[in-house]
Amino acid sequence: MFIIEFFRVRGTDEAHAILDRVEHDATDLDDAKVRALSLFETLEMPQKPDALRIMDHNGDEVFVWSPERPSASI
């Protein structure tokens, strides 16, 4: 089980505002990444997200992605 969070980032202090959170029952992180990137463009949210992160079942952050910094992953 993975949790995918979509968020906005405030430019002045890098504070994060979560727009949506989706649980995804994936077999591995690569599957969760594919789902997260797909949802980034298609999920209806109150605002367009700046980035996303994926957390594992323990709540540990295992992946971070932004279209501004696509290689910014853990």
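Student: What makes Glu 41 and Lys 48 a salt bridge?

Tutor: A salt bridge is a side-chain nitrogen of Lys or Arg within 4 Å of a carboxyl oxygen of Asp or Glu. The closest N and O atoms of Glu 41 and Lys 48 are 3.8 Å apart, so the pair meets the definition. Please note that this is a predicted model, in which local features need pLDDT of at least 70 and side-chain atom pairs count only at pLDDT 80 or more, while totals for chains, interfaces and linings use all residues. Residues are numbered from 1 along each chain as its sequence is written, and side-chain values use heavy atoms, with hydrogens and water left out.

Student: How many salt bridges does this rule give?

Tutor: The count is five. One of them joins Arg 21 to Glu 5, with the closest N and O atoms 2.5 Å apart. This pair links distant parts of the chain, 16 residues apart: Arg 21 lies in strand β2 (residues 16-24) and Glu 5 in strand β1 (residues 2-9). Strands (E, at least two residues) and helices (H or I, at least four) are DSSP runs, numbered from the N terminus.

Student: Why is Glu 5 called buried?

Tutor: Buried means under 20% relative accessible area, exposed over 50%, and partly exposed in between (1.4 Å probe, protein chains only). Glu 5 has 3% and is therefore buried. Arg 21, at 49%, is partly exposed, whereas Glu 41, at 57%, is exposed.

Student: What makes Arg 53 and Glu 61 a salt bridge?

Tutor: Their closest N and O atoms are 3.0 Å apart. Salt bridges that share partners join Glu 5, Arg 21, Arg 53 and Glu 61 into one network. Arg 53 has a relative accessible area of 23% and Glu 61 one of 34%, so both are partly exposed.

Student: How do you know that β1 and β2 pair?

Tutor: Two strands pair if DSSP finds at least two bridges between them. Eight bridges join β1 to β2, which run antiparallel. Within this pair of strands, Phe 2 stands opposite His 24 in β2.

Student: Which strands are called edge strands, and why?

Tutor: The open sheet has four strands in the order β2-β1-β3-β4, with antiparallel pairing. Strands β2 and β4 (61-65) each pair on one side only, and they are the edge strands.

Student: Which strands does helix α1 touch?

Tutor: Helix α1 (residues 29-42) packs on the sheet and touches β1, β2, β3 (51-55) and β4; contact means heavy atoms within 4.5 Å.

Conventions:
Axes fitted to C-alpha atoms, helices over the stretch in contact; angles between N-to-C directions.
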